[in-house]
Amino acid sequence: MLSIDRSIIDAIVAHARRDHPDEACGVVAGPVGSDTPTRHIPMDNAARSMTFYEFDSMEQLRVWREMDDRDEEPVVIYHSHTATEAYPSRTDISFAGEPGAHYLLVSTRESDTEEIRSFRIVDGVVTEEPVRVVDAVVDPHAVQSYMFGQSPATVDYECSGR
């Protein structure tokens, strides 16, 4: 089961809606071995595609090095689907390279509803898992944006109200 703070889910959904009609992507880091997602890191979709996402290799290297420096790992790897359900495509499955990560998908095909699902993907086998959204566990200022060639900056996301 993926347990994740509502503020992080809201930030992921806001990122997905902002990048629509292109797919959005990013990671949520957490302390090594904890399986606790605590720091949202939205990333650029280098493919700039409505049907495919790809981390920029230099941005990914920088983010993964920073996680190493902070004794963190990618607890959640997320992206959006813009016209289909939140279920991993064959390409998503073939590119899933973090066997310990939760793969979170957000569908932005409907503007007024949120479809959020999480999966474990290990050796090409997809297993859906429940998502438990919890409130106020994470520092709301932990949401950061990383832009290639620039230093990190804090970002305020307009999150949908509930």
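Q: Which strands does helix α1 lie across?
A: Helix α1 (residues 6-19) lies across β2 (25-31), β3, β4 (72-81), β5 (102-107) and β6, and runs at about 5 degrees to β3. Contact means heavy atoms within 4.5 Å. Helices (H or I, at least four residues) and strands (E, at least two) are DSSP runs, numbered from the N terminus. Axes are lines fitted to C-alpha atoms, for helices over the stretch in contact, with angles from 0 to 180 degrees between N-to-C directions.
Q: What kind of model is this?
A: This is a predicted model, in which local features need pLDDT of at least 70 and side-chain atom pairs count only at pLDDT 80 or more, while totals for chains, interfaces and linings use all residues. Residues are numbered from 1 along each chain as its sequence is written, and side-chain values use heavy atoms, leaving out hydrogens and water.
Q: And at what angle to β3 does helix α2 run?
A: Helix α2 (residues 57-69) runs at about 170 degrees to β3 and lies across β2, β3 and β4.
Q: What is the strand order in the open sheet?
A: The order of the six strands is β3-β2-β4-β5-β6-β7, with mixed pairing; two strands pair if DSSP finds at least two bridges between them. The edge strands, β3 (39-43) and β7 (125-129), each pair on one side only.
Q: How many bridges join β6 and β7?
A: Strand β6 (residues 115-122) pairs with β7 in the antiparallel sense over five bridges. Thr-127 in β7 is the bridge partner of Arg-120.
Q: New topic: is Phe-95 buried or exposed?
A: Phe-95 is exposed, because its relative accessible area is 55% (buried is under 20%, exposed over 50%, partly exposed in between, with a 1.4 Å probe and protein chains only).
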